[in-house]
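These are my notebook entries on one model, kept in the order in which I looked things up. I begin with the open spaces and then turn to helices and single residues.

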Amino acid sequence: MDEDRLARIALTWLFEPGTRAVFRLVRQFGAVGALRRLLTGEVSDHRLRATVESRLAAGDPWQVALAAAEQTGRLGARVVTPTDPEWPARLRSLDRLTLPSAGRRVDQETAPPLCFWVRGAWSLGEALQRSVAVVGSRAATPYGLHVATEIAFGLAERGWTVVSGGAFGIDAAAHRGALNAGGLTIAILACGVDRPYPMGNTALFDRISDAGLLVSEWPPGAEPLRPRFLIRNRVIAAATAGTLVVEAAARSGATQTLRRALAMKRPSMVVPGPVTSAMSVGAHELLREYPEARLVTGVPHVLEEVGRIGADLAPPVRGPDRPQDALDDESALILESVPRRGPLGPDVLAARTGLDLRTALRKLSLLEQLALVVRRDDGYLLAPAATRSSRAPAGPRGAPA
C-alpha cells in the first residue's frame, strides 16, 4: 500500500472523520506532509496537537496504519482515496457544507472523507452515480417497513442504487427491498466493515457485501460509537442524488441526514405517515420546517425529484377511466337524470334537464350506444354497469356517502 494511503489511514486513526482542520492540512500539504507536521507538532492548532499527544500513547500511527492495511487485505476489502477513479465526485459538496445553528461538534466537523474502506466488487463511484438514500427510524412501524421495502424495490428495478446505514428498521427494509429486486444497495457504516452492527443484521451485511457494497470511513475493527452514526450521516446525504426519509421519530438521526441534504441543496423527500404515529412526528416536522422538502408517496414521485429533468415525471393522480368521463355537458346532464328504476320518457327527461326534446333524444341515443342507458317501451333506464358506478362520493368502506 502506497505512502499516501497509509498516511490517510493514520490520520483517520488519529482524528475522527470530518475534522475540518485536518482536511485543510491535507489539502495544503498532502496526506503524508500533514501527518508528519502533526507528529512533529508543526501545527498552530492546539486542539490538534493535544489530540495527537493523547493518541500517541496508544501506538505509533504509521504502525497502526500498516496493521490496518494488512487487515484490509485479509478481509478482501480495499482502501479508496480521492485520487482513485472510483472516488465519488459528489463528496466535494461537503467542503462547502455549513449547517445553520451548528452548535455541536458533529454539526461543525463536516469535511469530506480522507478515505473509505470498501467491501464488494462494484466501483464505488459508479454505484453511487444513480443512487438514492432511503433512511428512517430503527423502531419502524409495519407501515414504514412496507413503504421502505416497496420504494427500494421499485428504485432498484429501475436501475437506481439504494443507499442506507444498515440499521434495524427502515434501513434494513430498504436494503432488503433492493436486494429482493436483484438491484444494487450500499450500506454506509459507522464502524469497521468487518464488524456487522447491529449483530442481528449479520446475514444482511453478508448479502450486501456479495451483491453490493459495504463502506466505512473507519478502519477494520473500529467500534460503532454513538457519535460516529451522526458523522456517517453526512456521507449518506452527500454521496447520493437525493435523500428520502420514510419514517422518523422526533429525535431520529434520519432527520439530521435530511437536514444535511437540504443544506447541500440536494433533493430532499419525506413520506408522510399517520398523524397519530410517534414514528412520523420527525418526518412531519421536516415538511413543516423546510418548504423545499418534498412530500412523496412512491417511486414515481422519488424519480421525479432525482431523475432527469422532463424524463422522469410522475404521472398525474387520477381515478380509473369511466365511459362517462368523456361525455359532453348535455349528455352528462341527461345521464344524471335517468333513473335507476322506473323508466322515464324522453319528454320527461328533456323537461328535467331544460333541454329541447330533439337534443334530449340525440343525447339519449349516444348514451345508449355507450351502453350507459337502456331503452324500454315506456322510456329509458340506467344500464346495470352505469348503476354500479356510484354517481355520489363513496363513504367509509365504499358505502354511499
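**Entry 1, the largest pocket.** I sorted the lining of the largest pocket by class and found 16 nonpolar, ten polar and ten charged residues, where Ala, Val, Leu, Ile, Met, Phe, Trp, Tyr, Cys and Pro count as nonpolar, Asp, Glu, Lys and Arg as charged, and the others, Gly among them, as polar. I note at once that the model is predicted, that local features need pLDDT of at least 70 and side-chain atom pairs pLDDT 80 or more, while totals for chains, interfaces and linings use all residues. I also note that residues are numbered from 1 along each chain as its sequence is written, and that side-chain values use heavy atoms, with hydrogens and water left out.

The volume of this largest pocket is about 970 Å³. Its lining is made of 36 residues, and Leu230, Arg251, Ser252, Gly253 and Gln256 are the closest to its centre. For the term itself I wrote down that, on a 1 Å grid over the protein atoms alone, a pocket is an open set of points with protein on both sides within 12 Å along at least five of seven lines, that a cavity is a set where a 1.4 Å probe fits but cannot get out, and that lining residues have an atom within 4 Å of a point. Grid points are joined across faces, edges and corners, and a volume is the space filled by probe spheres set on the points. Which element gives the most to this lining? I found that α11 does, with nine residues, and that α10 and α11 (253-263) each supply at least two; helices (H or I, at least four residues) and strands (E, at least two) are DSSP runs numbered from the N terminus.

I counted one cavity of 30 Å³ or more, with about 100 Å³ of space in the largest cavity. Among the 14 residues that line the largest cavity, Glu16, Pro17, Gly18, Thr19 and Leu114 lie nearest its centre, and the elements giving two or more residues to this lining are α1 and α2.

How far does α2 span between its end C-alpha atoms? Helix α2 (residues 20-40) spans only 20 Å, whereas a straight helix of 21 residues would span 30 Å, the expected span being 1.5 Å times one less than the number of residues. I then located a kink of about 115° centred on phenylalanine 29, the bend at a residue being the angle between axes fitted to the seven residues ending there and the seven starting there. Glycine 41, which follows α2, has a positive phi near 75°.

Helix α10 is largely enclosed by the rest of the structure, because eleven of its 14 residues are buried. Alanine 239 is found in this helix (residues 226-239) and counts as buried at 2% relative accessibility. Leaving aside neighbours within four places in sequence, I found alanine 239 in contact (heavy atoms within 4.5 Å) with Arg90, Leu91, Leu128, Ser131 and Arg266. The C-alpha atoms of alanine 239 and arginine 90 are separated by 5.4 Å, although the two are 149 residues apart along the chain.

A cis peptide bond, with omega about 5°, joins tyrosine 197 and proline 198, and I placed proline 198 in the loop between β5 (185-189) and α9 (202-211). Lysine 265, though not a glycine, has a positive phi of about 60°; this lysine 265 sits in the loop between α11 and β8 (268-270) and is exposed, with a relative accessible area of 75%.

Key:
Buried means under 20% relative accessible area, exposed over 50%, partly exposed in between (1.4 Å probe, protein chains only).
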